[in-house]
Amino acid sequence: MSATTTVNSTSAQPSKFKYLQPEDAEHFLTHGWLRVPNAIKQEYIDEWMSDLWTRLDFDPNDKSTWHTEYLHLPRHREVRAEDFAPKAWDAICDLVGGEDKLHPLRERWYGDQFICNFGTAARAAEENPEPPQDRATWHIDNDWFRQFLDSNGVALTVIHCFTDILPKGGGTILCEDAIKGMLLAVTIITGVGVCEFFYSHPEGLDPPDHNACCAHIRQCQQFTTVEAKAGDVLLLHGLLPHTNSLNYRHYARVIANPHATLRDPYNFNRADGNYSLVEAVILRALGRQSIPEFHPTRERLCYYPRTAGFKRAKVRAELDRMIEAAKAKGLDESAVDSIYLKGEEFMREHERRNGYDLPIGPNGLNMVQHT
Ligand SMILES: [Fe+2]
């Protein structure tokens with residue numbers, strides 16, 4: 001159990017952190033994200049990457065077989081978060097105010113739901129990278145709940161790096177000034193940043209309409225494109241807009257993208273002022289010491305994850321290839337490591353952990369891969 005971590009809303013005053021140094025806390029408050037280098041256990045990178053190409057049905061040595069530039073895969077394996085990347089787990093606990101603040105079930109297991117960004121040969125020949133403001137895919141992650149300013153569904157967006165991420169190599173782009181809504185230029189032109197947007201929408205938004213909160217990014221200026229080593233973990237505030245970038249290197253950039261979910265909604269009215277760092281980012285963005293007047297005006301609802309629709313539809317074909325590859329080695333189906341082959345009880349637990357037992361939301365499932 002981690003120590004309770006507190007921070008004043010306007011300055012980083014960390015105490016009893018398990019992982020964070022004061023400069024880490026200040027970086028998160030200022031930029032909205034943090035890198036935990038070399039955090040993933042090598043054994044998971046090796047094991048889970050070992051059948052990536054079988055799952056994809058691509059030849060790693062023949063790029064002409066890489067027929068799709070960008071791919072989301074489903075999850076076949078999952079392990080406890082604290083086992084997968086212990087340092088990153090400690091950092092997550094520090095950022096949210098202690099392990100006891102985290103949801104006991106959701107996002108407590110991490111897995112191999114890879115997001116692969118390959119680029120193309122034609123892309124590699126392009127001379128001028130696309131400006132980040134021009135990306136049409138800016139978003140925050142919240143495909144399974146009605147989003148309010150204080151929602152506990154995604155306190156952190158987590159990026160697990162399974163390969164190096166090279167410059168111009170398709171790393172995630174973060175828009176640091178989009179969260180604030182405080183830059184005069186942004187506020188005057190568009191009226192809102194992400195925090196102001198959700199402050200002014202106490203009725204909440206259901207997926208996929210939430211990305212209206214990113215409409216102002218064309219006027220933003222502070223962009224960071226992730227470069228990383230395999231094993232790094234990046235922790236993004238849940239309200240920090242991000243998008244994939246184009247891969248101009250024509251190599252396999254592989255990440256996974258889980259989250260940190262809290263047990264309860266944020267508390268923006270703490271009498272002692274001891275806010276968690278994830279709460280403090282929002283208070284800073286709004287220039288407030290507390291927000292006692294904010295209350296959702298509709299019911300909090302959770303749904304079956306909308307984007308799991310198209311990912312889980314790929315499971316059967318991947319399994320068939322994994323089994324075929326096992327047989328080619330003289331093994332049988334029992335050699336294939338997948339949740340989907342472990343029986344009903346295991347599957348039921350997997351579905352509970354990932355919200356697959358929840359009702360489908362008002363806008364249905366997304367059966368077409370998003371970017
Ligand atoms: Fe995302």
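## Overall fold

The protein chain has 12 helices and 12 strands. Its radius of gyration is 20 Å, close to the 21 Å that the globule rule gives for 371 residues, so the chain is as compact as a globular protein of that length. The structure described here is a predicted model, and the C-alpha atoms of the protein chain fill a box of roughly 65 × 50 × 40 Å when this is taken along the principal axes.

Of the 371 residues in the protein chain, 43% are buried. If one looks at contacts with a separation of 6 or more, residues 24 or more positions apart account for 84% of them in the protein chain.

## Confidence in the model

The pLDDT of the protein chain averages 92, and 92% of the residues score at least 70. Over residues 1–7, however, the pLDDT is below 50, although this stretch has 31 contacts in the model beyond near neighbours in sequence. The pLDDT is also below 50 over residues 182–190, a stretch that has 17 contacts in the model beyond near neighbours in sequence. Where pLDDT is low, the predicted coordinates should not be read in detail.

## Partners of strand S6

Strand S6 is joined by 5 bridges to strand S9, which spans residues 233–237, and the two run antiparallel. Within this pairing, Leu-156 stands opposite His-237 of S9. Strand S12, made of residues 259–260, is joined to S6 by 2 bridges, again in an antiparallel arrangement, and here the bridge partner of Leu-156 is Ala-260.

Strand S11, residues 253–256, is also antiparallel to S6 and is joined to it by 2 bridges, with His-160 standing opposite Ala-256 of S11.

## Strand S11 between S6 and S5

Besides its 2 bridges to S6, strand S11 has 4 bridges to strand S5, which consists of residues 114–117 and runs antiparallel to S11. In that pairing, Cys-116 stands opposite Val-254 of S11.

## Asp-206 in a loop

Asp-206 lies in the loop between helix H8, residues 194–199, and strand S8, residues 223–225. There are 17 C-beta neighbours inside 10 Å of Asp-206, which means that this residue counts as partly exposed; a residue needs 20 or more such neighbours to be buried, and 12 or fewer to be exposed.

When neighbours within four places in sequence are left aside, Asp-206 is in contact with Arg-146, Gly-361, Pro-362 and Asn-363. A link back to the strands can be made through Ala-260, the bridge partner of Leu-156 in S12: Asp-206 and Ala-260 are 54 residues apart in sequence, and their C-alpha atoms are 19 Å apart in space.

How values were computed. Residues numbered from 1 in each chain as written. Predicted model: local features only at pLDDT ≥ 70, side-chain atom pairs only at ≥ 80, totals over all residues. Contact = placed C-beta atoms within 7 Å. Pairing = 2+ DSSP bridges. Rg over C-alpha atoms; globule rule 2.2 N^0.38 Å. pLDDT = per-residue confidence, 0-100.
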